Amino acid sequence: MHAHEFRPLADTEFRPARDLFMRALNLPPVTDEMWQSVSRTSEPGRVFGGFLDGELAGTALTGTSALAVPGGAEVPAGAVTGVGVRADRTRRGVLTGLMRAQFDDARERGEPVTMLHASEAVIYERFGYGVATRSRTVSLDRFRAALRPDAPRGGRIDLLEPEAARTVLPDVYRGLGLVRPGSIVRGDAWWDMNLAVAPRDAVAVVHYDPAGVPDGFLRYEPKSRDHRFDDGTVTLQVRDLVAGDAIAAAELWRFLFERDLTDRIVAVDRPLDEPVEWLMVDRRACRTTAVGDDLWVRLVDVAAALRARTFNAAEPVLVEVHDRFLPDNEGTYRIGPEEVERTEQRPQLSMDVSALAALYLGDVSVSALAAAGRVQVHEPAALPGADHLFTTDVVPWCGTPF
Ligand SMILES: CC(=O)SCCNC(=O)CCNC(=O)[C@H](O)C(C)(C)COP(=O)(O)OP(=O)(O)OC[C@H]1O[C@@H](n2cnc3c(N)ncnc32)[C@H](O)[C@@H]1OP(=O)(O)O
């Protein structure tokens, strides 16, 4: 038996922890130069170490952020990342202890929610996480990708000088506000790291409305193949496109479609309902090549998390929540537009807290989870009302890797 210990790491331990994480992902340790940009993501008190017999065996860190929920509130939320356990120390409960340390810390800080992007889909459900947003990858044939004449038009687009991206883009993102449920606050450390890891040929552009106010931006990287060895096609890889309205979005796509020396545009992490095809003369020039789970959410404090979002007008529904990892969340909740309260009444529905997390931002319906056996229905008449309560008019989307 090993002696387990879990604690926040001291500043001097941040870099060894980062190297351990990189090795767990089969990546090389960070260089001194990279550490300059990455180190700020290690917030004092929020980098956790898991020790076996006194030796660092695993790590996980939380970034301080906030999550937009249905109704528009921004809920304080811990962004969990940097999770890794030494390959020779896995399956000894190190991740389990790190998760518990993170949830305790989130509760102490009054964060009712934690969130992450998962390396594998089978890791986090046991800790109560559920898939709360999904995203798609689109691939566009640039030579067929003309916009329809009735596509929204307006404003102007400016290229950013590479050095200006770090100062301009955070302000533009902040100015837009969190554009959908599922969008998250990007702190300074996030921008430091993301711009530092971008390749040197990365391009950023900003869209301005007719009054000169920035209302959207885009970052992409041209990937060219050398025509002496193969067909020499060039793909623009779009990593970040956030727009405040339909005009900015259409203009940013137009900018991509009109790029010279470009054969293909591939955009990752896009909202499922983004109307790119509807903007195009030839909608088949846009193919969805992947749809995947995006943001995983954990309701660390179920009542506080549910109270932070709005629900549609409908009769309250009585939901029994199972939570093996954080059992003080267990119980029956009356969930309605006016109140979320614990109750001793008999539940109409039962579900694991991971299923409730999947419902939280409106990405999936209660009925769909019931059909999959993830929600147990004791009173079938309650199901349509529960669907209506949780439904949102906007498809949730995160769009921020971390
Ligand atoms: C948010 C992010 O940062 S995502 C990045 C996650 N990191 C990685 O994928 C790096 C490579 N993998 C690793 O470092 C480790 O294998 C981890 C972190 C995934 C798991 O760490 P471990 O210390 O082995 O987990 P731990 O021993 O606490 O396992 C808890 C349970 O989860 C299960 N489990 C853990 N990882 C996996 C997995 N990848 N696939 C299936 N089951 C898993 C264990 O079998 C165990 O089950 P049990 O309780 O029924 O026995």
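**Close-up views of a predicted model**

**View 1. V94, a buried residue.** V94 has 25 other C-beta atoms within 10 Å and is therefore buried (buried means 20 or more such atoms within 10 Å, exposed 12 or fewer, partly exposed in between, with C-beta atoms placed from the backbone). The model is predicted: local features need pLDDT of at least 70, side-chain atom pairs count only at pLDDT 80 or more, and totals for chains, interfaces and linings use all residues. Residues are numbered from 1 along each chain as its sequence is written. V94 lies in helix 3 (residues 94-108); helices are DSSP runs of H or I with at least four residues, strands are E runs of at least two, and both are numbered from the N terminus. Leaving aside residues up to four places away in sequence, V94 touches G50, L52, A57, G58, V85 and R89 (contact: C-beta atoms, placed from the backbone, within 7 Å).

**View 2. T96, also in helix 3.** Here T96 counts as partly exposed because it has 16 C-beta neighbours inside 10 Å. An unreviewed UniProt entry lists T96 under "binding site", along with others including V94, S119 and E120; such annotations may be inferred rather than shown by experiment.

View 3. Seven strands run in the order 8-9-10-11-12-7-13, with mixed pairing (a pair needs at least two DSSP bridges). Strand 8 (156-159) and strand 13 (286-293) are the edges; each has a single partner strand, so one side of each lacks a neighbour in the sheet.

**View 4. Strands 11 and 12.** Strand 11 (residues 234-243) pairs with strand 12 (residues 264-270) in the parallel sense over four bridges. L236 has I265 of strand 12 as its bridge partner.

Terms used: Contact = placed C-beta atoms within 7 Å.
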